[in-house]
Amino acid sequence: MSALKSMEQVLAEAREDGDLTESMVFDRITAEGLDFSELTCRRLSFHTCRFTGCDFSGAAFYDCDFTDCHFTECRFSVSYWKSCRLTGCKGDGGDFRRSRFKDCALEGCMLRYANFTGAVWERCALSECNFSESTLAECKISKTTFQTVDLTGAELFRTPFKGMDLSSCTLDRVSLSETCAELKGAKLHVSQAAVVARILGIEIVP
């Protein structure tokens, strides 16, 4: 039985049983164009899996673990993540609009060019992740830590970072409002002051 056929069967059974899939481990599966939308997933583990063109819109993940997984052209809009762990995953260009993350940990993930417009992050920990050129506009972020996160070229418009420590992050070429209100109350490293100054049109001389 192929990995794809096996995943199709799992999805069919989940639909029949009330859209609930739980306590399963998936290792090195490859899935393309499958519909995971609106499914509720609990205590699932995915290891070195490849998803291409799959729809996870409106899906809910509780206590799930994703390790070294790749998501290519996948949709996660309005998805819900609670107590999940993503390690070494790649979701470049993913659609995460209006997604919600609570008590989640992301480590070493590549999420370049992804769209997180209107997303909510609560009590999350982001470490060694790459969000370069991503859209993080109009997000609500609370009690979330950023450790060595690359935000190069990211759009942060109308996303307040008040009370958060961004001193280890890369903020080159980020898009902010004219007043840089998004960074008001955030903790920055002295070397990052030049980034804000350039946005405000301030010239710093040595």
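Predicted model: local features only at pLDDT ≥ 70, side-chain atom pairs only at ≥ 80, totals over all residues.

Q: Good. Where does Ser132 lie?
A: Ser132 is in the loop that runs between β13 (125-127) and β14 (140-142).

Q: Is Ser132 buried or exposed?
A: Ser132 is buried, because its relative accessibility is 10% and the limit for buried is under 20%.

Q: And which residues does Ser132 touch?
A: Leaving out residues up to four places away in sequence, Ser132 touches Arg112, Tyr113, Asp150, Leu151 and Thr152.

Q: Changing topic: how many cavities of 30 Å³ or more does a search of the whole structure find?
A: The search finds three.

Q: What lines the largest cavity?
A: Its lining has 14 residues, with Phe71, Leu86, Phe96, Leu106 and Leu111 nearest the centre. By class, the lining of the largest cavity comprises twelve nonpolar residues, one polar and one charged.

Q: And which residues lie nearest the centre of the second largest cavity?
A: Those are Leu11, Phe36, Cys41, Leu44 and Phe46, out of 13 lining residues. The lining of the second largest cavity has twelve nonpolar residues, one polar and no charged. At least two lining residues come from each of α1 (3-16), β1 (20-27) and β3 (40-47).

Q: Now the largest nonpolar core. Which of its residues touch the most other members?
A: Among its 63 residues, these are Phe51, Phe56, Phe66, Trp81, Phe116, Trp121 and Phe131. The elements giving two or more residues to this core are α1, β3 and α2 (193-200). The largest share, four residues, is from α1.

Q: What is Phe51 in contact with?
A: Apart from neighbours within four places in sequence, Phe51 contacts Ile29, Ala31, Phe36, Phe46, Phe56, His70, Phe71, Thr72 and Cys74.

Q: Last topic: how many disulfides does a search of the whole structure find?
A: The search finds zero disulfides. Cys69 is in none, and the nearest cysteine sulfur, that of Cys49, is 4.5 Å away. A disulfide requires sulfur atoms within 2.5 Å.

Q: Is Cys69 buried or exposed?
A: Cys69 is buried, with a relative accessible area of 0%.

Q: And what about Cys180?
A: Cys180 is in no disulfide either; its nearest cysteine sulfur belongs to Cys169, 16 Å away. Cys180 is buried, at a relative accessible area of 5%.

Note on methods:
Residues numbered from 1 in each chain as written. Heavy atoms only, no water. Buried < 20%, exposed > 50% of the residue type's maximum accessible area, 1.4 Å probe, protein only. Contact = heavy atoms within 4.5 Å. 1 Å grid on protein atoms, 1.4 Å probe; cavity = no way out; pocket = protein on both sides within 12 Å on 5 of 7 lines; lining within 4 Å. Points joined across faces, edges and corners; volume = space filled by probe spheres on them. Nonpolar A, V, L, I, M, F, W, Y, C, P; charged D, E, K, R; others polar. Core = buried A, V, L, I, M, F, W, Y, C linked by side-chain atoms within 4.5 Å.
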